Amino acid sequence: MADAPARPPEGTGPSKVTLYRNGSVYTAADPFATAMLVDGDTVAWVGSEQAAASIADSSMDIIDLRGALVAPGFVDSHAHLTETGIALDSLQLGGVRSARELLDAVAASGGDGAVLGHGWDESRWDNPTLPDAGELERAAAGRPVYLSRVDVHSALVSPSLMASAGLAELDGYAPGGHVKRQAHSAARQATRRLSSAALQEYQRRALDEAAANGYVALAEMGAPKISSMEDLRLAAGWNDAAGSRPAPEVLPYWGQLTPMAADAEALLAELGIRVRGFAGDLNIDGSIGSRTASLREPYADAPEEIGTTYLSVAEAAAHLAACSVLGIQGGFHVIGDAGLDAALQALDEAAAEVGEQRVRAAGHRFEHVEMADADAIARLAKYSVTVSAQPAFDAAWGGQGRLYEQRLGTRSRGMNPFASFYSAGVPICFGSDSPVTPLRPWSSVRACLEHHNAEQRISARAAFLGHTRAGWRAARYENPMAGQLVPGAPASFAVWEVDELMVQVADGRVQSWSTDPRARTPLLPALDTGSDPRCLQTVRNGLELFSAEALRG
């Protein structure tokens, strides 16, 4: 049992001291902790209810948890703030199950200007036939239409948008209105010509959504084909927005090629902000759903297609070498097995040029990595490449009859090999790729426990750490104590109303739940109750980002 903390001398240190008591605290410092003291921006103490009672006084803000859980705040390791805000305020198309329903949603949309929507997924429809461009135009009464597929690697667009954005001359154009590759990027950018104020409004909308769901940080994956440098600067600006409502921390990345170290240095100067790396959505390939992920063998449901490779091995290798020389993170968006082959060959060539140790030390990261065999996983481990994965992809698309199986056939069983990554020592962190999947961290943790391939399931503890502390590590965050609740660590956490708390013990199976306190493992929510824990409060560095009325009610 931890002792009560010593009181700070009068008149020193941060003025706000908050005592959380009568709950459960997820901390490595004390598996039985029920209370936590926060002094300013720092965790000052964790311990027992008995000790908490002895130190409580009227100078403190005392919060009775009434059985709630206090846990490190979540880190989303791959997100798009502006796109998330736009999607939240656009037509929600994830629930449509036919072309007719999609057209009805467009026809029912109100307002002026372009009709924007997000989330349709024809792999869930009984009849996957898409509406054509003319039908979209008629449903929208002539207004331009842009409806992004759930993976945001293709979209349905109307003739008026095709014409105004000049899509007919671009790769990926389709007269029927389902555009990919360059044509899709141009269509999206044509609907994203927004003022700085509008960009900030959408980013604030996304940050509020994240805070309400227990996130204390998000890795923002900017790239020229997605957004402007100004968009990334505005996103990073929330970290120092004096006078504004506090928000989750933004960890900015910029996905642009840097062929030489001098190019990387010039790009850093042009951006004018500190970016975590030239990684993220620098695409080697596309997505499984839009059939643009680069595959060794053709798609099962489109034998004439093997996907798209956007970067050559030489380009990717030069980028990794330049970043390695400067000691900054490089990396790529890579999903298909052929795409990963190219990325791994680029690592080999970069190591041959600048040395394996420099490549390893830079801490490069690859996003998604959905198709990786044993050899590829071993090579990722060799170069200490972090994999930033999205468990909700497997929950949405893994399993019999779902998208992975439709597109890949028997290859689908090997998708998202989380347990294999861990077994091989590949660093792994988790995110949502919002707006592709929602900002719902406990659903993402559950997806790790319920992977469609039982051999690739991981423990609740591993999944939780991958969604919290590992996110800070993957971003090479300055404070090594970030992502845990121990004395001296940043006071960045969330409070959760839970149905039941349990511990997970190792017994040779992938999952085993126990209520036995002798396991000496901190408690986590039971995720088989049919509902996610409810966020009551989110705090970053001692500043409240979100609070539900029930917390102090």
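Helices here are DSSP runs of H or I with at least four residues, strands are E runs of at least two, and both are numbered from the N terminus. Everything below comes from a predicted model, where local features need pLDDT of at least 70 and side-chain atom pairs count only at pLDDT 80 or more, while totals for chains, interfaces and linings use all residues. Residue numbers start from 1 along each chain as its sequence is written, and side-chain values use heavy atoms, with hydrogens and water left out.

**View 1. The largest pocket and what lines it.** The largest pocket holds about 710 Å³ of space. Of its 40 lining residues, Pro-435, Val-436, Thr-437, Pro-438 and Leu-439 come closest to the centre. At least two lining residues each come from β7 (74–79), α2 (81–88), β9 (115–120), α14 (391–397) and α17 (441–449). For the method: on a 1 Å grid over the protein atoms alone, a pocket is an open set of points with protein on both sides within 12 Å along at least five of seven lines, whereas a cavity is a set where a 1.4 Å probe fits but cannot get out; a lining residue has an atom within 4 Å of a point. Grid points are joined across faces, edges and corners, and the volume is the space filled by probe spheres set on them.

**View 2. The largest cavity.** The structure has two cavities of 30 Å³ or more. The largest cavity contains about 90 Å³ of space. It is lined by 14 residues, and those closest to its centre are Asp-151, Ser-287, Ile-335, Glu-370 and Phe-393. Asp-151 turns up again in the next view, where it forms a salt bridge with Arg-149.

View 3. Side chains of opposite charge can pair when their charged atoms come close. A salt bridge here is a side-chain nitrogen of Lys or Arg within 4 Å of a carboxyl oxygen of Asp or Glu, and by that rule the count is 26. The closest N and O atoms of Asp-151 and Arg-149 are 3.1 Å apart. Both partners are buried, Asp-151 at 7% relative accessible area and Arg-149 at 1% (buried is under 20%, exposed over 50%, partly exposed in between, with a 1.4 Å probe and protein chains only). The pair belongs to a network that links Asp-121, Glu-122, Arg-124, Arg-149, Asp-151, Arg-291, Asp-301 and Arg-407.

**View 4. Two salt bridges within helices.** In helix α3 (residues 99–108), Arg-100 and Asp-104 sit four residues apart, which separates them by about one helical turn. Their side chains meet in a salt bridge at 3.3 Å, N to O, and Asp-104 is partly exposed at 41%. Helix α7 (residues 196–211) has Asp-208 and Arg-204, again four residues apart and about one turn of the helix. Here the closest N and O atoms are 3.0 Å apart. Asp-208 is partly exposed at 29%, whereas Arg-204 counts as buried at 13%.

View 5. Setting aside neighbours within four places in sequence, Ala-211 is in contact (heavy atoms within 4.5 Å) with Pro-248, Cys-535, Thr-538, Leu-545 and Phe-546.

View 6. Which residues of helix α9 (residues 261–271) are buried? They are Ala-264, Leu-267 and Leu-271. These cover an arc of only 60 degrees around the axis, so they lie on the same side of α9; the arc is taken from the directions from the helix axis to the C-beta atoms. Ala-262 and Ala-269 are exposed on the other side. The cover over the buried residues includes α8 (229–237), β14 (249–254), β15 (277–278) and α10 (313–326). After α9 comes Gly-272, with a positive phi near 75 degrees.

**View 7. The nonpolar cores.** A nonpolar core is a set of buried Ala, Val, Leu, Ile, Met, Phe, Trp, Tyr and Cys residues joined through side-chain atoms within 4.5 Å. The largest has 66 residues, and Phe-332, Phe-366, Val-369, Leu-380, Phe-421 and Trp-496 have the most contacts inside it. Helix α11 (residues 337–354) gives the most, with eight residues. Beyond its neighbours within four places in sequence, Val-369 is in contact with Val-334, Leu-340, Leu-380, Val-387, Pro-417 and Phe-421. A second, separate core has 29 residues, including Tyr-146, Leu-295, Tyr-299 and Tyr-404.
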